[in-house]
Amino acid sequence: MRMLENISPKRVMAFFEDICGIPHGSGNTKAIGDYCINKAQQMGLTALKDAMGNVVIKKPASKGYEDHPAVVLQAHLDMVCERVENSSFDFEKSGIEIAVEGDYITANGTTLGGDDGIGMAMALAVLEDSSLKHPPIEALFTVDEETGMFGAAGLDAGLVSARRMINIDSEEEGVLTVSCAGGASVAISLALDKQKVNMPCYEVAVSGLLGGHSGVEIDKDRYNANILLGEFLKGVNAPYNIISIMGGSKENAIPAFATLKIATEYDLVGLAESFVSQKVKENEPDLKITVTKINNSNDGFSSAASQKITDLLYGLKNGVIKMSQSIKGLVQTSLNLGILRANDGQFTANISVRSSVNDEKISLINELKAYAAKFGATATDSGYYPAWEYLENSYLRQVMVDCFEQQFGKKPIVAAIHAGLECGLLSEKLNGLDAVSFGPDMVGIHTPNEKLSISSTQRSYKYLCKVLENL
Ligand SMILES: [Zn+2]
């Protein structure tokens, strides 16, 4: 018996349940792509795959809409695979175990993949339903959005002719997103002298921080554990050798922990106490720095090298650089020191840079390069993705705002976000693209607590159909 059989919109739920049953983590999207193509062929529609594995399905206009401009319905094929601690769930082999709890569809101990399975399911339901009124439709399902938007970046743009696009990859009903930040990765690396160490050795652990997503929480005044470690090191007022540093695990996450191994005669316990009492604050009440005596180490960074690491970290810019002048509350430009490693003569810092203004992003990258050079370090940038800049005149946005008001009796929120969306890359690929992103309410995406609202999916699907009828 199928879990979602009796829940409407029935065809959307049927496709969603199928999708949940097919393993489709990032990097593992061949089967889900083939599923979409098979479904399209059963519907008698043209379906294509490009070299990246992106899928494009074309449905002709309904009667009377033949001369209306075509519209892209876009979603991504891959999902984030996270499971609860101690779970042995195998995302390569098993379909998601879904459950219904009140208004929510949830998964048993794993991510659900509502992000972005529900986007695909809605698009497939539109493709299948011959009773709908709509312009020509091109459904575009991209691979590997979650790990760096590689599908959108490598899309064979010749497969898509439409220049209006509804991206179904947002998580808040009532919010239409129309602009997002672009980004890049900067890696600072430096080889430094090693030295025999002959002072007592300690492990210093920064923990208890909130962390968060560097595109969503960078303006929430949260501490970055890597930056705090630099400030802590600045307070060591006696000779020291850094043995190793390990902070953060993802470039686009605000690091919640960092660990330092250090050799020194200095009173680190006293320093940790005064440091925490100075730094602890209302929104970071659990900041902790623990100092533990460890076995003596033979090798560390030389004193000069250790000082250099401290100075480099201490002076590094981090967090919000500029707020938007035109959109209240929007972070325009920021950076996040996500990953920090120092060990065995090698220092690296991985930074995620974001801006909704492409020129500002480039000047911030250049500034980081010049800063690194002062220390004899190299900074290389990669993983560039463009901003999705706000379009002054958008027909699609107007139609989507009007339809929303008709259905809900209030205005939607038209928003710009500091996180990345594929719309930026696709705007660069598809010249003159007019795009809007929307989606039903989801909670806890990218975590094992992810859930999808059923009632919101019902309203959102109805809304999508209404928008298509009006395009
Ligand atoms: Zn997504």
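1. Thr-264 belongs to strand β15, which covers residues 258-264. In this predicted model, Thr-264 has 20 C-beta neighbours inside 10 Å and therefore counts as buried. The cut-off for a buried residue is 20 or more such neighbours. Outside the four places on either side of it in sequence, Thr-264 contacts Met-199, Val-236, Ala-238, Pro-239 and Tyr-240. Asn-198 is 66 residues away from Thr-264 along the chain, yet their C-alpha atoms are separated by 8.6 Å.

2. Strand β3 (residues 71-76) is largely enclosed by the rest of the structure, because six of its six residues are buried. The burial applies to both faces. Val-71, Leu-73 and Ala-75 lie on one side, while Val-72, Gln-74 and His-76 lie on the other.

3. Which strands does β3 pair with? Strand β6 (residues 137-142) runs parallel to β3 and is joined to it by six bridges; within this pairing, Val-71 has Ile-137 as its bridge partner. Strand β7 (residues 164-167) is also parallel to β3, with four bridges between the two. Here Leu-73 is opposite Ile-166.

4. Strand β7 also pairs with β23, again in the parallel sense and over four bridges. In this pairing Arg-164 stands opposite Asp-434. Strand β23 spans residues 434-437. Asp-434 and Val-436 point one way from β23, and Ala-435 and Ser-437 point the other way. These residues are all buried, Asp-434 included.

5. A separate point concerns the open sheet of four strands, ordered β4-β5-β25-β24, in which the pairing is antiparallel. Its edge strands, each pairing on one side only, are β4 (98-101) and β24 (442-443). Between β4 and β5 (residues 104-107) there are four bridges in the antiparallel sense, and Glu-101 has Tyr-104 in β5 as its bridge partner. Helix α11 (residues 454-469) packs on this sheet, where it touches β5 and β25 (451-453). The direction of α11 makes about 55° with that of β25.

6. Helix α10 (residues 422-429) has six of its eight residues buried, so this helix is largely enclosed by the rest of the structure. The buried residues are Glu-422, Cys-423, Gly-424, Leu-425, Leu-426 and Ser-427. In an α-helix, residues three or four places apart point the same way, because there are 3.6 residues a turn.

7. How do α5 and α7 cross? The axes of helix α5 (residues 225-234) and helix α7 (residues 303-315) come within 8 Å, at a crossing angle of roughly 125°. The two helices are therefore oblique to each other. Their crossing is left-handed. On the α5 side the contact involves Leu-229, Gly-230, Glu-231, Leu-233 and Lys-234; on the α7 side it involves Thr-310, Leu-313 and Tyr-314. By class, this contact has four nonpolar, two polar and two charged residues.

Notes:
Residues are numbered from 1 along each chain as its sequence is written. This is a predicted model: local features need pLDDT of at least 70, side-chain atom pairs count only at pLDDT 80 or more; totals for chains, interfaces and linings use all residues. Axes are lines fitted to C-alpha atoms, for helices over the stretch in contact, and angles run from 0 to 180 degrees between N-to-C directions. Angles under 35 degrees count as roughly parallel, over 145 as roughly antiparallel, 65 to 115 as roughly perpendicular and the rest as oblique. A crossing is left-handed if the near helix is turned anticlockwise from the far one by less than a right angle, and right-handed if clockwise. Two residues are in contact if their C-beta atoms, placed from the backbone, lie within 7 Å. Ala, Val, Leu, Ile, Met, Phe, Trp, Tyr, Cys and Pro count as nonpolar, Asp, Glu, Lys and Arg as charged, and the others, Gly among them, as polar. A residue is buried if 20 or more other C-beta atoms lie within 10 Å of its own, exposed if 12 or fewer, and partly exposed in between; C-beta atoms are placed from the backbone. Two strands pair if DSSP finds at least two bridges between them.
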